[in-house]
Amino acid sequence: MNKLAILLSATITLCSSALAVAANQSEPLNLDELTTAFGWDMDATAITTEKVTDNLYVLFGVGGNIGVSIGSDGVLIVDNQFPNMMSKIDAAVKKLGGDNIDLAVNTHWHFDHAEGNLVLGPRGTILIAHSNARANMAKGGIINLVQSKYRQQPYPDKALPVLTYDSGMQLYYNNEIIDIRHFSPAHTTGDSAVIFRKQNAAHLGDVFNNSGYPFIDADSGGDIDGMITFCAQTLAQMKQGATVIPGHGPITDLKALEDYIRMLEAIRGRVSNMMDEGMTNGGSRLC
Ligand SMILES: [Zn+2]
């Protein structure tokens, strides 16, 4: 296990007020407990929509940002939040001119990006993810948020991706070339960047968090060096003027991704120096 990643996760999480709500939890939380701790209200939260290009949109609600491609072939989404949000997601897609969700890519296995699989899979949506993400969804596991833990239940077969890949796959859909790429273990071991070539946009899942401190799921093999590599490799794929869709937070641009990489490198260097000095993650001294 990568000690630097663990210490880095501990450091940035100790600095996060959102996660501090659930401080001192030794037993893993279930979804109800976690949504309460995080103040998520799925009944009250509406889905809002932002247009990226003529047939690419982002939906915001509870959980990870959802990319939506709508065109002559149908509807493809990237990440899918929660079953309790699905009727609102369906309504938002229909409002944009789409119909059923035909294809759904999971950027990784975490519940706030993939739990919608529990609805989409059984109703026939083709689910796509990195092979490691599928393996994690199948076996479930405890996600260590450092100051709290979440127990993600194993997904039933019907909610598991039916198409997987290891390093990359390409879809020709809605008059678009959609590259799904995995560059390295980063936020988890099964992260995907979903690149819309013609529209010059990329969804990076939680490898790029634009709403707060980055989080590395070190217990699932996440890795700080991989985070930097993954972001830099995605950046290298994009043309000038690209739209960058983070896992959380507002849509942004290449400059923000460059700044994020620099921030990751700076944190890595500082934490590495602290480790060299013999510091540990046993207290809030690193914040
Ligand atoms: Zn995540």
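This note goes through the fold of a predicted model, from the whole chain down to single residues.

1. **Overall make-up.** The model is predicted, not experimental, so read every value below as computed from it. The protein chain holds nine helices and 15 strands. It has 287 residues, and buried residues make up 45% of them. Take the contacts between residues at least 6 apart in sequence. Of these, 67% join residues at least 24 apart.

2. **The seven-strand sheet.** Seven strands make an open sheet, in the order β1-β2-β3-β4-β5-β6-β9. The pairing is mixed. β1 (48-53) and β9 are the edge strands. Each has a single partner strand, so one side of each lacks a neighbour in the sheet. On average, neighbouring strands are turned by 20° against each other, direction ignored.

3. Start with strand β2 (residues 56-60) and strand β3 (residues 66-71). They pair antiparallel over four bridges. In this pair, Leu56 faces Ser69 of β3. The two strands form a hairpin, with five residues between them. Gly63 sits in the turn and has a positive phi of about 105°. Next comes β3 with β4. These two run antiparallel and are joined by five bridges.

4. **The parallel part.** Strand β4 (residues 74-78) pairs with β5 in the parallel sense, over three bridges. Leu76 of this pair lies opposite Leu103 in β5. Strand β5 (residues 103-105) then runs parallel to β6, again with three bridges. Ala104 has Leu127 in β6 as its bridge partner. Three bridges also join β6 to strand β9 (residues 163-165), and these two run parallel. In that pair, His130 is opposite Tyr165 of β9.

5. **How covered is β6?** Strand β6 (residues 126-130) has four of its five residues buried, so call it mostly covered. In the sheet order, β6 stands between β5 and β9. Helix α7 (residues 131-139) also packs on this sheet and touches β6 and β9. The direction of α7 makes about 110° with that of β6.

6. **The six-strand sheet.** A further open sheet has six strands, ordered β10-β11-β12-β13-β14-β15. Its pairing is mixed too. At the edges are β10 (168-173) and β15 (252-253). Each edge strand has a single partner, so one side of each is left without a neighbour in the sheet. Inside the order, strand β12 (residues 193-196) and strand β13 (residues 201-203) pair antiparallel over three bridges. Phe196 stands opposite Ala201 in β13.

7. **Asp179: buried, exposed or in between?** Asp179 belongs to strand β11 (residues 176-181). It has 16 C-beta neighbours inside 10 Å, so it counts as partly exposed. Buried would take 20 or more. Leave aside residues up to four places away in sequence, and Asp179 touches Gly168, Gln170, Ile195 and Arg197. Gly168 is 11 residues away along the chain, and its C-alpha atom is 7.2 Å from that of Asp179.

8. The buried residues of α9 are Leu257, Tyr260, Leu264 and Val271. An α-helix has 3.6 residues a turn, so residues three or four places apart point the same way. Just after α9, Gly278 takes a positive phi of about 90°.

9. **The α8 and α9 pair.** The axes of helix α8 (residues 224-237) and α9 come within 10 Å and cross at roughly 160°. That makes the two helices roughly antiparallel, because the angle is over 145 degrees. The crossing is left-handed. On the α8 side, the contact is made by Ile224, Met227, Ile228, Cys231, Ala232 and Leu235. The α9 side gives Leu254, Leu257, Glu258, Tyr260, Ile261, Leu264, Glu265 and Arg268. Among these contact residues, Leu257, Tyr260 and Leu264 are also on the buried list for α9.

Definitions and conventions:
Residues numbered from 1 in each chain as written. Predicted model: local features only at pLDDT ≥ 70, side-chain atom pairs only at ≥ 80, totals over all residues. Buried ≥ 20, exposed ≤ 12 C-beta atoms within 10 Å, placed from the backbone. Pairing = 2+ DSSP bridges. Axes fitted to C-alpha atoms, helices over the stretch in contact; angles between N-to-C directions. Contact = placed C-beta atoms within 7 Å. Parallel < 35°, antiparallel > 145°, perpendicular 65-115°, else oblique. Left-handed = near helix turned anticlockwise from the far one by under 90°.
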